[in-house]
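Please read these notes with the model open beside you. Take the points in order and find each element as it comes up.

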Amino acid sequence: MFFHHSPFLSHPALTVTERERERGYTVITKSPPTHQPKMPAERKPMRYAHPDGYTGVCFDESGRFIVTGGSDGDIRIWESLDDDDPKSINVGEKIYSLALRNGMLVTTVSNNIVQVHSFPEGLPDGILTRFTAEVNHVVFNTSATSVAAGSSDFMVKIIETKDNSQQKTIRGHEGPILSVAFDPKDLFLASSSCDGTVCVWKIADQTRVASWPLLTKFNEVNRATSICRLEWQPKIGKLLAVPVEKVVKLFERDTWENTDNLSDESIMMPLNVVSWSPCGGYVAAGSIDGSMVVWNVQTRKCIERFQHEKTYRICAMAWHPSKESIAYTDAEGNLGLHEGVLASAGSKEQASHSNAATFEDLFDEEDSDLLTKGMNLSPPSPMKQPLVDDDDDYDGDDDNVMAIVNRSRHNRAIEDDNSNDIGSSTQLEKMDSDDDDDDNARTTVAQTAPTVVGYSGPVPTPQQKPFQPCSTPSYLQHRFMVWNSIGIIRCYSDEQDNAIDVEFHDTSVHHAIHLSNVLNHTMADLSHEAVLLACVKTEEVPSTLQCIHFNSRDANKEWMVDMPNNENIEAICLGQGWAAVSTNAQIVRIFSIGGVQKELFSLMGPVVAMSGHGEQLLISYHRGTGFDGDQCLGVQIMELGRRKRQILQGTSLPLTRKSYLMWQGFSAEGTPVFADSEGIIQMLNRSLGSTWIPILNTRDHCKGKSDYYWVVGIHENPQQLRCIPCKGSRFPPTLPRPTVTILPLKLPYCQTSSEKGQMEEQYWRSVLFHNHFDYLAENGYEFDETAKHQALKEQQELLMKMFALSCKAEREFRCEELTEFMTQNVLNLAIKYASRSKHLTLAQRLSNLAQEKATALLTVQDEDDFQADPKASYRRAVTKWSSQVQPPAQNSIEKEEGSGEDVLNNAEGDGNNELDPEETVHAKKTLFRCCLTTLYVTSGGISPALVGNHARNTNILDSMAKINKKASSNNSQSASNEKSLLLKPLVSKPKAKQIQATLFQPANSKFSSKTVEEKAIEAPSVQSIIPDNNNTENKKPKKTGFQLWLEESRADIVAESPGLSEEEIIKEGMNRFRVLSSEERKAWTEKAKRSGSINNMPDAEDAQKRKRVEELHEDNLESKDENSEAPGSLAKKQKQQHVSTNSRLAAFAFKKE
């Protein structure tokens, strides 16, 4: 290409002509470097790399890969920031620091070790050293022959990579080590510590050379304001850069003096990390508020400033080995990249040192080398204008010169990420060919530079890998394969031994087992019946399932199954009589405990974990892709017994935000439970639509941020979590043997510091953890009936306490809400408490609610009886029971007064009576309802007409004071009756039809006018006509089977519940007596008959005497009633008859000896 050599071009002082300014072209020469505009670095959109926590970053030596490590224990290898599928290597539970050099990837993980993996394969290559606390920082020396690591145990170790036995330990710091840095000449080592000092040590003899008190003192690394990642200047090691507050202090080698400080007004918070460029001419620093600054060390001036998108703390920074790029990570686990950081600084330096003084020197090179010289040309004018103006007064060659330069710049502006190198000959040739083909292409210029289009929405979360609950990571040489309520399975895989040990907590179940791990099993489960083992697929062997069946009667108790070639086992579990396996083909295979293949089915996503308990199978799987650190997991619960059914399917697992599944399983009682990485334990609540409820936050019991609890099991009764505390790690070591700790369960209710909140939490926790009784009863399992009744008693006591607390706070509506959960007896106590605490309106409303509840209870029982057998009601009409409950009017008094003992004997007698089993059940229920009605009326002071509407209009508790006054002045029997609530049989009139009509029907309006005080006073005068002593000495009342059983069991009931009253003892006895089998109840009935036939032999004369005494007493009562209140005598007689019938039926059920 020929250019016209003119005086204008050869003049060194001229830089831009007026004509060229009009066209928008700028040609930079040696003399005015200040005219060059600054080109800012390009910031790439950040990528999610790891969960929140410390995240390290570095480049490999070639600069091809970006390597990150985070709190999830994974190392990720990125080919670029746009890599959507980085390679992931799990090296531990949590990574504190990483370093990469010469194909060796060194990491410090949560079990206090420094380990090596091959890069990029990720194969374990041994452990370099161990500490007694977490290792906070690790670095290579320049030659990669040594590694330095600093720990929270105040020590720094220098280890040879080829022979880790060659170690040097540096002691002298009085706090946890924050960071370490090797001198490039391997003479010195610098370290920073939480004791507030920065020290320089001589490696040869581990002596301290210099020390500066620069930092704030802290007790723990997690509490430190800055991690103070100091670093030596590369190659020469002349300067040591230390981030201190808002400046970077530079200390000179040998003199150890602070020669200079690098600062910038944009830095508002303390600096966290510094990083030198590979050439040693620039220093980059990142602060805790996301600010990043780059300085030129020679000029001490800031050349670049960056700000984090969300002002997160900068954890680590790394320079590209050859390019002008900086990779950085933040405390939320994100990865970022700045490209072209030194573009403007490099152009200035090159411009200032350029030897080209004329345009002839500038254009002596080939066109393809124009952009390889570091020439930065200003952008063209945004206006559309021709590159070559035919009307110019200047020579066309001058225009051609400008056109070439502008065309080169234009080509660079429109390059995308997929184009060839900028300024290459290929691009220039392509541009020239385009110009030849299309003349119009040369007449336009791009108006604006293209914008980089990036995704700024939610970032997908890497899916959690499958794991075995109650197991430690598989990469450990000594690990727990499972630890559950049955026993422990350990695996030892080292150079000396590769074996599996099975240990049982109860040695009476089975002796310990030692197995040779020939197949390299990595998964295991243990139950009372078998040990289940599984290995992954290798090139030599397929994925294999092995089972050792203890209860097998065969000589060989083991069986093995190979998976198909395209399947790899990812999760296993054991249940009662079955084993389950899940593979990477999303198939779940069910085997019998003896090795028979049974059902198989497909999962709706990749499996995460499986657990078994009895007939239940719990599976968690990925039901979708999570975003922003959240896992999207689903849960499936099945029953694999005789009736196979699906309990839950496709339901989401409610993990805590930005957490993953850590443990899943069942409680000892069979309720599904899981735990996430944030320490939240959640349990399935079957009574609330199979929802999950948090029952404990283990983080509340941790002393430090790096402490965790490793879950082993959970019990609902007692309410406790069995776990192992882990300091500085998420899982325990095998040696020494860990100690199991018990944590109490607690629901996250509000205001638990107050008395009200505490009782509410206790009540609902008791309800939740006793729901398993209902599940066990529905599925035919055995359970402790006494424990169920005890739990019900505790719940009712808590309700009564909350009721009393609400009454004191004048919260009557809250009191009514609490009564919805009370039983009938506790509701009666609540009514009494409300009346005595002068909440009479509340007492009246509660009495109405009690009547409605009792009516509803009777209605439900009748419906249940009818649904059980609709024909039973017709058969009952002709039985003895129906004739005794509703006797005809012409029956004699003796038939009407047939004792309740005879009824119960008929109901519980042998096959000679006239009642079939269905009628017997109906007789017992009817008897119980009558007794319940009588107890409710007598203890609560409510009108006998239980369902009558007139009871709503009478305040039944307003007159308690009046009753006491009358009792004290007129009637001593009334006082004795108030002291004892024991019910005794009452004498009744021979008007059965009228009595039965008033029992369950509303009373007449004129009867309701009688006050409650008069009824309460008259009741004692009707009670207990007891025979004289002469008769009672020769004749004892006939006892029933229940009474005989209660006499022998009374001591046990009182011992278990010493605070029960007499009525409560009888009720508890009735509940327990019902639980007995029919054979046992029949035996007690026969025993009662035999004892009655011997002791109770009443003759006709005694019966006639008792009859005459009762008639005489009734006549006296009638005469008294006529003298006192003649108009209302009929109502009184009917009322006495009513009470007498109910009381007589209740007496034999609650009879006291």
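**Notes on the predicted model**

1. Of the 1153 residues in the protein chain, buried ones make up 50%. Buried means under 20% relative accessible area, exposed means over 50%, and partly exposed lies in between (1.4 Å probe, protein chains only). This is a predicted model: local features need pLDDT of at least 70, side-chain atom pairs count only at pLDDT 80 or more, and totals for chains, interfaces and linings use all residues. Residues are numbered from 1 along each chain as its sequence is written, and side-chain values use heavy atoms, with hydrogens and water left out.

2. The protein chain holds 28 helices and 52 strands. Both are DSSP runs numbered from the N terminus: helices are H or I with at least four residues, strands are E with at least two. Contact means heavy atoms within 4.5 Å. Among contacts in the protein chain with a separation of 6 or more, 52% join residues 24 or more positions apart.

3. Two packed helices are described by the angle between their axes and the distance between the axes. Start with helix H7 (residues 755-768) and helix H9 (residues 785-808): their axes come within 10 Å and cross at roughly 155 degrees. Axes are lines fitted to C-alpha atoms, for helices over the stretch in contact, and angles run from 0 to 180 degrees between N-to-C directions. H7 and H9 are therefore roughly antiparallel. The cut-offs are under 35 degrees for roughly parallel, over 145 for roughly antiparallel, 65 to 115 for roughly perpendicular, and oblique for the rest.

4. The crossing of H7 past H9 is left-handed. That term applies if the near helix is turned anticlockwise from the far one by less than a right angle; clockwise gives right-handed. By class, this contact of H7 with H9 has 8 nonpolar, 3 polar and 4 charged residues. Nonpolar covers Ala, Val, Leu, Ile, Met, Phe, Trp, Tyr, Cys and Pro; charged covers Asp, Glu, Lys and Arg; the others, Gly among them, are polar.

5. H9 also packs with helix H11 (residues 824-836), at an angle of about 20 degrees and with the axes 11 Å apart. H9 is therefore roughly parallel to H11. This crossing is right-handed. On the H9 side, the residues that meet H11 include Met-800, Phe-803 and Cys-807; on the H11 side, they include Val-826, Leu-829 and Tyr-833. The contact of H9 with H11 has 9 nonpolar, 1 polar and 1 charged residues.

6. How far does H11 reach from its first C-alpha to its last? Its 13 residues reach 19 Å, close to the 18 Å expected at 1.5 Å a residue. The expected span is 1.5 Å times one less than the number of residues. Buried residues of H11 include Val-826, Leu-827 and Ile-831. After H11 comes Lys-838, with a positive phi near 65 degrees.

7. Helix H24 (residues 1041-1056) and helix H25 (residues 1062-1075) have axes that come within 9 Å and cross at roughly 115 degrees. They are therefore roughly perpendicular. H24 passes H25 in a right-handed crossing. Among the residues making the contact are Trp-1045 and Ile-1053 of H24, and Ile-1066 and Phe-1073 of H25. The residues divide into 9 nonpolar, 2 polar and 5 charged.

8. Last, look at a loop. Ser-527 sits between strand E34 (523-526) and strand E35 (530-534). Is Ser-527 buried or exposed? Ser-527 counts as buried because its relative accessibility is 12%. Leaving aside neighbours within four places in sequence, Ser-527 is in contact with Ile-486, Phe-504, Phe-550 and Leu-574.
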